Amino acid sequence: MALTEEQTKIISERPLKNSLDHLRDKLRDNVDNPLEEDIALLLGALVGSPAAFSLPSPDGNGNVAGKLFSVLQHVRGDVARLDEFLPLVRHVVDKSADTDIWETTFNIINTLSDLAPPPSNIAPTFRGTPVKTSSSRLADSETRDIVERELFEEIKNCTFRNVGGFWDKFFNCWREEQKAMLKGILRAHDGERWTDFPTITDEKPVWDWLRSLEERFLGDAPLKFHTTRTANQFNDRKGQLDLFLQKPAAEATGTFLYKHVLVVGEQKKRYDTGRFKADFLQLTRHVRSVFADQPTRQFVHAFSLCASKMELWIFDRSGAYSSGIFDIHDEPNKFARALVSYTTMDDDMMGLDTFVKRQDRHRYVTFDSISGKETTIRLDKAMVRQKAIVCRGTTCYETQNGHVAKFSWASDKRKPEVEQLRLAEARGVKGVARVVAHRQITTIADIREGLQFPAAHRFRSENVHFDDPPSATATATTSTSSKRKSSSDLTSNDASGSKRRRSRSQKSKLATELNEELSIGKTKPSLYAPSEDLWENRVFTCLVISPAGRVISQFITVKELLESERDAIKVHQSLYLEGKILHRDISSNNIIITKPEKADGFKGMLIDLDLAKEVDGGPSGARHQTGTMQFMAVEVLHKIDHTYRHDLESFFYVLLWMCARQAWSNGFGGEEERPKESLLRRWEIRSFREIAYNKEGDMTVNGLERIMGEFPKSLDIVKPLCLRIRKILFPLDKDDRMNLGTPAGDPNQLYKPIIAAYDEVISNL
């Protein structure tokens with residue numbers, strides 16, 4: 001429909017400006033096949049725009065904001081077809097004029113107005129917290145600095161160089177075609193140096209030289225080098241070249257996506273030992289994005305080429321390790337082996353996910369059932385992904401039959417989640433997910449088998465804002481299991497490389513993710529604890545559970561938010577008191593909104609027992625403390641033993657986060673102006689100690705009122721509840737100091753008043 005003069009005037013007076021920028025890159029990656037969660041986020045952003053509340057509805061009944069909210073419910077209820085939104089998505093991606101975006105929005109409202117309203121008890125779908133990307137430029141140094149500090153905390157105590165057995169395991173060119181390529185490419189070395197290697201190692205000359213080698217000697221190789229910059233752009237940015245290896249078919253898209261990247265590379269014009277940390281973190285940022293878009297990938301290859309100095313890397317969920325530095329002129333065989341191996345590796349050696357099988361454009365996983373028969377389950381939507389490298393890498397998919405398939409890398413020191421869930425079921429716990437199927441895929445020890453690790457690399461000039469966790473000061477060990485032995489050998493070419501079963505990957509997206517802000521979708525690494533092991537041996541498993549649900553961050557109404565959180569607290573109460581299990585990782589990703597008739601009558605449930613432990617059980621021996629940074633209790637951040645009260649404190653932080661941060665993205669702000677910088681930002685980007693002090697100050701009455709000042713007005717009804725819970729969790733002692741500890745006696749002295757506080761507010765809604 002054509003816009004009226006009145007509508008055009010309102011749109012020009014209330015422009016969208018940059019309110020959709022944070023969604024543009026996310027939508028671009030799936031422009032012809034948008035994801036349901038992306039459409040929901042786009043509609044939520046439009047609902048919260050100033051024009052939406054001023055533009056009259058096309059049918060004259062109310063305003064556009066109300067109609068869009070109804071459309072949003074149609075989307076979440078799977079009533080609306082997603083292809084109806086393709087024109088709108090394309091306008092947003094193409095940065096079309098506001099009038100084009102709103103005209104298309106009116107057409108969608110008219111098209112969907114005839115649909116029956118979605119039922120109030122729609123079957124929930126399990127989705128992850130929406131990933132927020134900054135809409136900033138690559139040169140946004142503040143955001144980049146934050147991402148690199150986060151990465152440094154993950155990687156700094158589990159990075160190893162000069163790993164013995166590295167070449168034999170990953171770069172042994174054993175097939176005849178590989179040997180022929182290796183022999184051919186070595187003809188380009190005159191015995192002292194590579195012929196035609198540029199004297200001035202700027203980006204373009206080096207890139208041209210690499211492409212020349214590829215064209216002359218690696219023409220039949222299945223993988224090809226690519227760069228994110230054109231030759232003309234090389235002159236604009238000297239000293240750094242981003243190289244990627246991918247399959248030629250991916251080139252047809254015209255856009256570089258991390259889901260296509262197989263090997264990551266960085267080229268620099270000079271070698272500077274003083275810049276190792278900075279250069280390494282640049283490489284690591286790319287690897288982080290590869291893991292984000294290929295969430296079930298088992299490990300990622302990477303390399304740096306600084307002038308003529310090269311270093312090859314492997315990144316997995318327990319850290320990074322390298323070949324050690326070498327000069328490509330002095331050791332041409334290594335350089336040639338690297339090029340040939342990178343361009344000819346099979347999926348196993350590349351670390352791709354071979355556990356998930358593709359057929360008829362769908363993905364399937366197979367499990368052995370108790371009866372001995374195989375069970376095959378189809379994976380549909382990817383819903384939860386962790387934005388980190390050294391972590392559990394938790395990835396969840398909705399399955400065809402309404403279950404949830406969860407992939408994760410849990411510590412082998414912890415009791416497997418499948419055992420915790422079965423134990424909870426056996427002890428009569430209500431509201432915890434039921435196990436449908438389970439399978440172990442591999443372990444870090446398996447991936448690193450045959451390698452000899454020296455002591456962890458010691459970074460120099462560690463000017464970071466985070467506390468330095470205690471590092472493992474072990475001597476070198478061998479990596480077959482938890483005990484390892486010392487070796488300095490890194491270049492042995494005798495042994496044949498042991499070939500491993502490795503994995504294949506799925507899901508999406510590239511370039512601006514380098515500059516993402518931290519958010520609830522990007523879980524920080526857990527706090528390190530001392531360990532005699534050099535690195536964490538993690539076990540990669542796939543666990544299928546039921547029922548499915550929406551994560552709490554997808555709440556549509558205030559009542560839905562409060563009911564799901566209240567019922568999740570009831571589940572926690574049962575899990576702790578009846579199941580004798582403490583969850584220890586309460587976060588926005590681990591509370592789901594459920595359909596009561598499929599969830600023991602609960603409107604909210606707890607998931608993810610990876611970090612749970614039995615009450616009164618001894619230390620697990622895992623090298624991390626537990627929790628998700630922005631939701632961790634103050635005492636846990638201070639490394640005090642985790643108790644049930646700390647989980648209740650985490651529930652409170654989830655509630656505050658949903659109201660002060662997430663509600664704006666879900667369209668609750670209306671025409672209000674969203675706070676530019678939330679106070680809760682201090683809960684996620686500072687040191688453990690600073691976050692603890694900030695939270696302690698925020699839990700005073702004045703501090704809490706400042707946080708509640710960030711709530712949209714539509715959530716004012718929640719403020720009395722927040723003040724009441726604060727008083728229950730943080731009472732004053734006899735000296736009028738705020739008590740952060742766990743009270744002695746019956747845990748119900750905290751559970752019951754908190755649940756009652758929720759009940760009272762819910763009954764008044």
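**Ground rules.** I worked from a predicted model, in which local features need pLDDT of at least 70, side-chain atom pairs count only at pLDDT 80 or more, and totals for chains, interfaces and linings use all residues. Residues are numbered from 1 along each chain as its sequence is written, and side-chain values use heavy atoms, with hydrogens and water left out.

**Entry 1, the sheet.** I looked up the strand order of an open sheet and found seven strands, S9-S10-S11-S12-S13-S17-S14, with antiparallel pairing. Helices (H or I, at least four residues) and strands (E, at least two) are DSSP runs, numbered from the N terminus. Two strands pair if DSSP finds at least two bridges between them. Strands S9 (357-359) and S14 (434-443) stand at the edges with a single partner strand each, so one side of each has no neighbour in the sheet. Neighbouring strands are turned by 40° against each other on average, direction ignored. For angles, axes are lines fitted to C-alpha atoms, for helices over the stretch in contact, and values run from 0 to 180 degrees between N-to-C directions.

Phe367 has Thr375 as its bridge partner in S11. Helix H16 (residues 417-426) packs on the sheet and touches S13 (404-411), S14 and S17 (538-546), where contact means heavy atoms within 4.5 Å. The direction of H16 makes about 160° with that of S14.

I noted 41 salt bridges in the structure, each a side-chain nitrogen of Lys or Arg within 4 Å of a carboxyl oxygen of Asp or Glu.

Lys269 bridges to Asp202, with the closest N and O atoms 2.9 Å apart. Lys269 is in the loop between S4 (263-268) and H13 (276-293), while Asp202 is in the loop between H10 (176-185) and H11 (203-217), 67 residues apart. Lys269 is partly exposed because its relative accessibility is 27%, and Asp202 is buried at 13%. Buried means under 20% relative accessible area, exposed over 50%, partly exposed in between (1.4 Å probe, protein chains only).

Asp533 bridges to Lys413, the closest N and O atoms being 2.9 Å apart. This pair links distant parts of the chain, 120 residues apart: Asp533 in the loop between S16 (477-478) and S17, Lys413 in the loop between S13 and H16. Asp533 counts as buried at 6%, and Lys413 as partly exposed at 30%.

Arg645 and Glu649 also form a salt bridge, the closest N and O atoms being 2.6 Å apart. Both lie in helix H20 (residues 644-665), four residues apart, about one turn of the helix. Arg645 and Glu649 are both buried.

The network links Arg392, Lys406, Glu417, Asp585, Asp608 and Asp610.

I found zero disulfides, a disulfide being a pair of cysteine sulfur atoms within 2.5 Å. Cys306 is buried at 9% relative accessibility, and Cys391 is buried at 6%.

I listed the buried residues of H6 (residues 86-93) as Leu86, Leu88, Val89, Val92 and Val93. They fall within an arc of 160° seen down the axis of H6, so they line one face of the helix; the arc is that of the directions from the helix axis to the C-beta atoms. The buried residues of H6 pack against H2 (21-28), H3 (36-47) and H7 (98-112). Just after H6, Lys95 has a positive phi of about 55°.
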